[in-house]
Amino acid sequence: MENEEDPVKKQQIVDARARNISHNVRCLECGSQSSEESQAGIVVLLRKLIRDEIKSGKNNKDIYKKLEDEHGETILYAPKFDRQTAA
C-alpha cells in the first residue's frame with residue numbers, strides 16, 4: 001500500500017514546489033501577474049519547465065537562477081538587492 005501512495009505523494013510535492021516557485025515569477029507576457037495566475041500560452045510552458053526542472057532534481061535556487069539567466073532578473077518578483085534594484 002505504501003508503494004502505491006509514494007508516486008502520489010511525490011507528485012504532490014512537485015506540484016506544491018512548482019506553485020510556490022510560480023508565485024514568485026512574473027508572467028512573461030504581461031508582467032503584472034504571477035506565472036501561477038496567468039493563462040498566457042508562454043507561461044503554461046514556463047510552468048511545465050519549472051515542473052520538469054523539479055522532477056530532474058534541481059533545487060529552487062537553481063531553478064530561480066536558470067529563469068533569471070534566461071529571462072533577466074525582472075522575471076522574479078524579488079530580484080536580488082544591488083545598485084540597480086535599490087531604487
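Colleague: Is Ala40 buried or exposed?

Modeller: Ala40 counts as buried, because its relative accessibility is 13% and the limit for buried is under 20%. Keep in mind that this is a predicted model.

Colleague: Where is Ala40 found?

Modeller: Ala40 is in the loop between α1 and α2.

Colleague: And what is Ala40 in contact with, leaving aside neighbours within four places in sequence?

Modeller: With those neighbours set aside, Ala40 contacts Cys27 and Glu29. As for Cys30, its C-alpha atom is separated from that of Ala40 by 8.6 Å, and the two residues are 10 apart along the chain.

Colleague: Since cysteines came up, how many disulfides are there?

Modeller: The count is zero disulfides. Cys27 is in none, and the nearest cysteine sulfur to its own belongs to Cys30, 3.6 Å away.

Colleague: What about accessibility, is Cys27 buried or exposed?

Modeller: Cys27 is buried, with a relative accessible area of 4%. Cys30 has a relative accessible area of 44%, so it is partly exposed.

Colleague: Let's step back. How many helices and strands does the chain have?

Modeller: There are three helices and zero strands. In sequence order the pattern reads α-α-α.

Colleague: How many residues of the chain count as buried, as a percentage?

Modeller: The chain has 87 residues, and 26% of them count as buried. Taking contacts between residues at least 6 apart in sequence, 47% join residues at least 24 apart.

Colleague: Which residues make up the largest nonpolar core?

Modeller: That core has 12 residues, among them Val14, Ala18, Ile21, Val25, Leu46 and Ile50. Its members also include Ile54, Ile63, Tyr64, Leu67, Ile75 and Leu76. Helices α1, α2 and α3 each supply at least two residues of this core.

Colleague: Val25 is on that list. Where does Val25 lie?

Modeller: Val25 lies in the loop between α1 and α2. Its relative accessibility is 0%, so Val25 counts as buried.

Colleague: What does Val25 touch, not counting residues up to four places away in sequence?

Modeller: Val25 touches Gln33, Ser34, Ser35, Leu46, Tyr64, Leu67, Ile75, Leu76 and Tyr77. For a distance along the chain, take Val25 and Glu73: they are 48 residues apart in sequence, with their C-alpha atoms 9.8 Å apart.

Colleague: On to the helices. Which residues of α2 are buried?

Modeller: In α2 the buried residues are Val43, Leu46, Arg47, Ile50, Glu53 and Ile54. Seen down the helix axis they fall within an arc of 120 degrees, so they line one face of α2.

Colleague: Which exposed residues are on the face turned away from that buried side?

Modeller: Leu45 and Lys55 are the exposed residues carried there by α2.

Colleague: What span should α2 have at 1.5 Å a residue?

Modeller: With 15 residues, α2 should span 21 Å, and its end C-alpha atoms are 22 Å apart, which agrees. After α2 comes Gly57, whose phi is positive, near 100 degrees.

Colleague: How many residues does α3 have?

Modeller: Helix α3 has 12 residues. From first C-alpha to last it reaches 16 Å, close to the 16 Å expected.

Colleague: And which residues of α3 are buried?

Modeller: Ile63, Tyr64, Leu67 and Glu68 are the buried residues of α3. They cover an arc of only 135 degrees around the axis, which puts them on the same side of the helix. On the other side of α3, Lys61 and Asp69 are exposed.

Colleague: What caps the N-terminal end of α3?

Modeller: Asn59 caps that end, with a side-chain oxygen 3.1 Å from the backbone nitrogen of Lys61. Following α3 there is Gly72, with a positive phi near 90 degrees.

Colleague: Last one, about α1. Is Ile13 buried or exposed?

Modeller: Ile13 counts as exposed, because its relative accessibility is 52% and the limit is over 50%. Ile13 is found in helix α1, which covers residues 2-23. The C-alpha atoms of Ile13 and Ile54 are separated by 9.6 Å, with the residues 41 apart along the chain.

Note on methods. Residues are numbered from 1 along each chain as its sequence is written. This is a predicted model: local features need pLDDT of at least 70, side-chain atom pairs count only at pLDDT 80 or more; totals for chains, interfaces and linings use all residues. Side-chain values use heavy atoms; hydrogens and water are left out. Helices (H or I, at least four residues) and strands (E, at least two) are DSSP runs, numbered from the N terminus. Buried means under 20% relative accessible area, exposed over 50%, partly exposed in between (1.4 Å probe, protein chains only). A disulfide is a pair of cysteine sulfur atoms within 2.5 Å. A nonpolar core is a set of buried Ala, Val, Leu, Ile, Met, Phe, Trp, Tyr and Cys residues joined through side-chain atoms within 4.5 Å. The expected span of a helix is 1.5 Å times one less than its number of residues. The arc is that of the directions from the helix axis to the C-beta atoms. A polar contact is a pair of N or O atoms within 3.5 Å; within protein, one must be able to donate a hydrogen and the other to accept it, and residues adjacent in sequence count only if both atoms are side-chain atoms. Contact means heavy atoms within 4.5 Å.
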